[in-house]
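Here is a brief structural report. It covers sheet pairing, the nonpolar core and the salt bridges.

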Amino acid sequence: QVQLVESGGDLVQPGGSLRLSCAASGIIFSIGIMGWYRQAPGKERDLVATITTASTYNYADSVKGRFTISRDNAKNTLYLQMNSLKPEDTAVYYCNAWIGTSADGGRFYWGKGTLVTVSS
């Protein structure tokens, strides 16, 4: 019943920018920590960035200074602004969020991913 849907992935040249969005829908009582992860071909899924409800941030070293994570709690939406993109940023980007579906219950959910390709 709860869905996370990512959007914004595209083909972009090195040095370019993209903004990813992740919208949560369904029966949502509350949303806790949210994050972006990515998986390049042949590699494991890795953390990109997370943001708590208190707007505490955590970034992978490889994206610090280039990516910015943010959230709009009123819209149940997570964002990732990606600047100065590099070919090594090419991956499927996944949204992850802890979602409470009742006053005392919830779990982490994953989106299906959006593809970002950085190439000239």
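## Sheet, core and charges

Four strands form an open sheet in the order β1-β3-β8-β7, with antiparallel pairing. Here strands are DSSP runs of E, at least two residues long, numbered from the N terminus, and two strands pair if DSSP finds at least two bridges between them. β1 (3-7) and β7 are the edge strands; each has a single partner, so one side of each lacks a neighbour in the sheet. The twist averages 15 degrees from one strand to the next, taken between N-to-C directions of lines fitted to C-alpha atoms, on a scale from 0 to 180 degrees. β7 and β8 run antiparallel and are joined by six bridges. D72 stands opposite T77 in β8.

This is a predicted model: local features need pLDDT of at least 70, side-chain atom pairs count only at pLDDT 80 or more, and totals for chains, interfaces and linings use all residues. Residues are numbered from 1 along each chain as its sequence is written, and side-chain values use heavy atoms, without hydrogens or water.

Now the core. The largest nonpolar core has 30 residues, and W36, L80, M82 and Y93 touch the most other members. Such a core is a set of buried Ala, Val, Leu, Ile, Met, Phe, Trp, Tyr and Cys residues joined through side-chain atoms within 4.5 Å. Buried means under 20% relative accessible area, exposed over 50%, and partly exposed in between (1.4 Å probe, protein chains only). Strands that each supply at least two core residues include β3 (18-25), β4 (30-39) and β5 (45-51). β9 gives the most, with five.

M82 has contacts (heavy atoms within 4.5 Å) that include L18, L20, F67, Y93 and V116, leaving aside residues up to four places away in sequence. L47 lies in strand β5. At 30% relative accessibility, L47 counts as partly exposed. Beyond four places in sequence, L47 touches W36, Y37, N58 and A60.

Which charged pairs are present? The structure holds three salt bridges, each a side-chain nitrogen of Lys or Arg within 4 Å of a carboxyl oxygen of Asp or Glu.

| Salt bridge | N to O distance |
|---|---|
| D89 and R38 | 2.9 Å |
| D61 and K64 | 3.1 Å |
| D89 and R66 | 2.8 Å |

R38, R66 and D89 are linked in a network. D89 is buried, with a relative accessible area of 1%. R66 counts as buried at 10%, and R38 is buried too. By contrast, D61 and K64 are both exposed.
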